[in-house]
Amino acid sequence: MKPTSAQTADVVHKDGSQLRQKRMIAEHFARLARAPQSGEKNVYTFVPGNLTELLQSFDLLPVLPEINALQSGMRGKSKDYIQLAEKLGHSEDVCTYVKCDVGMLRSGNVGPTGERLPDPDLLLLSYTGCFTFLKWFEILRQEYDAPAVMLHVPYQGGGEITPAMREYVVQQLRKKVIPALEKVSGRRYDEDRLKQCLARSAQAEDDLVWVLESAKQRPAPIDAYFGGVYYVGPIFSSFRGSQDAVDYYRELREEVAERLQHGLGPVTPDGVMETERYRLVVEGPPNWTSFRRFWKMFTDEGAVVVASTYTKVGGTYDRGFRHDPERPLETLAEYCMGCYTNLDLPTRVGLLVDYVNEYSADGLLVNSVKSCNSFSAGQLSMMREVESRTGKPVGFIESDLVDPRYFSAANIKNRLESYFQMIEQKRGGSR
């Protein structure tokens with residue numbers, strides 16, 4: 001029997017995958033909090049281009065500053081952290097993730113679960129197209145006086161990964177990164193163990209791609225932007241390569257398959273969406289300080305995000321990439337170079353055009369984030385090009401990552417309403 005919307009909403013708010021993810025995150029942060037006593041070592045690193053499988057093979061715990069910052073934004077703590085960082089001399093124009101992180105560490109470095117994070121045993125920077133990461137790690141190195149190692153990742157300026165680029169990254173892994181991990185962990189590099197982690201990654205990536213591509217159906221059973229940030233959480237952060245990630249994505253896929261079977265729309269903060277009116281592709285990160293309110297502006301209009309670029313910042317798996325255990329270091333190099341922020345603008349435009357067409361979207365909406373140059377640069381040109389190549393209307397809104405001072409609900413709501421009117425007019429003119 002097909003469940004009612006009320007029944008479904010009640011069930012989905014207690015989905016097994018959601019409970020599993022919550023347990024995974026809580027256990028991870030509990031391990032981090034116990035690390036000074038247990039002797040476990042940790043590595044601070046970033047989401048795009050992270051080497052989680054390699055860290056796991058050394059039994060090292062990842063800490064991701066962006067995740068801590070966005071969690072602080074969702075918990076209403078980022079404003080005070082940012083203002084503290086600005087009092088310390090950091091400019092208003094600096095990435096708000098950085099200022100939030102600085103404010104958090106100067107306020108006791110208490111993580112998302114309310115427990116103190118350990119100081120880093122190593123700072124590992126995989127540079128993937130965001131120059132801010134370099135300056136961020138300079139600040140962290142000064143604050144913590146921790147050793148640092150950088151993996152320089154060539155930018156995909158020509159839209160492809162050449163053999164020379166791949167070998168350049170592999171040699172850095174062999175000569176710089178792995179020796180640093182051996183030193184901090186006290187373990188020798190174990191390639192067989194790394195291969196096992198990579199095999200689990202590929203398995204989880206298959207299920208994630210299936211979930212994301214389910215949005216090609218009508219109605220879309222997921223929202224690939226607001227809901228998508230939860231779906232990509234484990235694979236973009238500390239769990240890729242683990243059995244926990246494999247189990248989570250298998251369970252998530254089963255849940256989405258059941259929604260497809262019953263013809264149900266995505267789960268929203270207010271339950272299951274009853275009517276899908278607009279199908280959108282969204283470019284840019286979301287706002288975290290008013291995340292639920294931001295999402296509700298879309299759901300109130302029946303707007304579903306069927307594809308987004310933000311859910312590719314930690315890997316473009318839907319374009320065919322999988323971690324390959326038979327080529328362990330080469331596949332890590334290719335992963336780093338293929339993250340969304342490491343792609344040139346023509347490649348990003350092509351991806352957006354493909355999404356609009358493949359997902360039968362009504363148009364492209366850009367959320368331009370004031371302090372995120374790696375996303376915001378070139379967005380207006382990208383909009384014009386996508387509109388020209390698809391014939392679909394484009395829209396533009398502005399907010400910030402974790403600074404509530406730059407979230408104007410009235411302004412965003414007005415722009416969204418105008419954009420949906422544009423879509424309606426376009427539909428009327430095409431009949």
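Tutor: Angles between axes under 35 degrees count as roughly parallel, over 145 as roughly antiparallel, 65 to 115 as roughly perpendicular and the rest as oblique. This is a predicted model, in which local features need pLDDT of at least 70 and side-chain atom pairs count only at pLDDT 80 or more, while totals for chains, interfaces and linings use all residues. Residues are numbered from 1 along each chain as its sequence is written, and side-chain values use heavy atoms, with hydrogens and water left out.

Student: Which word describes how α15 and α17 lie to each other?

Tutor: Helix α15 (residues 345-358) packs against helix α17 (residues 379-390) at an angle of about 45 degrees, and their axes are 10 Å apart. The two helices, α15 and α17, are therefore oblique.

Student: Which word describes how α8 and α14 lie to each other?

Tutor: Helix α8 (residues 163-185) and helix α14 (residues 328-338) have axes that come within 9 Å and cross at roughly 110 degrees. For α8 and α14 the term is therefore roughly perpendicular.

Student: Is Ser242 buried or exposed?

Tutor: Ser242 lies in the loop between α11 (233-236) and α12 (243-261). Buried means under 20% relative accessible area, exposed over 50%, and partly exposed in between, with a 1.4 Å probe and protein chains only. Because its relative accessibility is 14%, Ser242 counts as buried.

Student: Which residue's backbone oxygen does the side chain of Ser242 reach?

Tutor: The distance to that backbone oxygen from the side chain of Ser242 is 2.6 Å, and the residue is Phe239.

Note on methods. Axes are lines fitted to C-alpha atoms, for helices over the stretch in contact, and angles run from 0 to 180 degrees between N-to-C directions. Helices (H or I, at least four residues) and strands (E, at least two) are DSSP runs, numbered from the N terminus. A polar contact is a pair of N or O atoms within 3.5 Å; within protein, one must be able to donate a hydrogen and the other to accept it, and residues adjacent in sequence count only if both atoms are side-chain atoms.
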